[in-house]
Amino acid sequence: ILPAGLGSAWYISSKSKYQKEAAELLNYVFSDEVVKMWYETGVVVPVKMDANVLAGLKLTALDKFAIDILQKAAQGQGGVQLGYYVDTAAPEAFNTMMQDGFQAVLLGSKTVEQQLEDLQRLWDEGQKK
């Protein structure tokens, strides 16, 4: 299962005096014309695109691969499943240990086994909260 999803989300406040204008801006930002520009500059946005439109874009091989996977997932094709990034569901202490602990492993001041034990402990503690 490929992780996908997190990034910026755009919302319109129900208290905004400019809901109509904000909706018009979002419609423009996610219009086919603008999405094409985003794709060609390496930004993948969460919209369905016609395969013929995608075929005409100047994309890197990696961008083509990523967009193809996401388009298939959005259309329920190819058995593609998307999941969550683990760090978004993990306790903060776990994420800190991912960085600090693996740096300690690389420096030789901690074993891989110690790192795994620390990560498991912090994960378990975080799930109890």
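Tutor: Phenylalanine 30 is partly exposed in this predicted model, its relative accessible area being 29%.

Student: How is a pair of aromatic rings described?

Tutor: Two quantities are used: the distance of the centres and the angle of the planes. For phenylalanine 30 and tryptophan 38, the centres are 5.8 Å apart and the planes stand at 70°, so the pair is edge-to-face. The cut-off for that class is over 60 degrees. Tryptophan 38 is partly exposed, at 23% relative accessibility.

Student: How many aromatic pairs does a search of the whole structure find?

Tutor: The search finds four. One of them joins tryptophan 10 to phenylalanine 30, edge-to-face, with 5.8 Å centre to centre and 65° between the planes.

Student: Which parts of the chain does that pair link?

Tutor: The pair links distant parts, 20 residues apart. Tryptophan 10 sits in the loop between β1 (2-3) and α1 (19-29), and phenylalanine 30 in the loop between α1 and α2 (32-40). Tryptophan 10 has a relative accessible area of 43% and is therefore partly exposed. Through ring pairs, Trp10, Phe30 and Trp38 form a cluster.

Student: What shows where empty space is left?

Tutor: A probe the size of a water molecule is rolled over the atoms. Here, the second largest pocket holds about 200 Å³ of space. Its lining has 13 residues, and nearest the centre lie Met49, Ala51, Leu54, Asp68 and Gln71.

Student: Which element supplies the largest share of that lining?

Tutor: α4 does, with five residues; α3 (51-55) and α4 (61-74) each supply at least two. By class, the lining comprises six nonpolar, three polar and four charged residues.

Methods
Residues are numbered from 1 along each chain as its sequence is written. This is a predicted model: local features need pLDDT of at least 70, side-chain atom pairs count only at pLDDT 80 or more; totals for chains, interfaces and linings use all residues. Side-chain values use heavy atoms; hydrogens and water are left out. Rings of Phe, Tyr and Trp (its six-membered ring) pair if their centres lie within 6.5 Å; planes under 30 degrees apart count as stacked, over 60 as edge-to-face and the rest as tilted. Helices (H or I, at least four residues) and strands (E, at least two) are DSSP runs, numbered from the N terminus. Buried means under 20% relative accessible area, exposed over 50%, partly exposed in between (1.4 Å probe, protein chains only). On a 1 Å grid over the protein atoms alone, a cavity is a set of points where a 1.4 Å probe fits but cannot get out, and a pocket is an open set with protein on both sides within 12 Å along at least five of seven lines; lining residues have an atom within 4 Å of a point. Grid points are joined across faces, edges and corners, and a volume is the space filled by probe spheres set on the points. Ala, Val, Leu, Ile, Met, Phe, Trp, Tyr, Cys and Pro count as nonpolar, Asp, Glu, Lys and Arg as charged, and the others, Gly among them, as polar.
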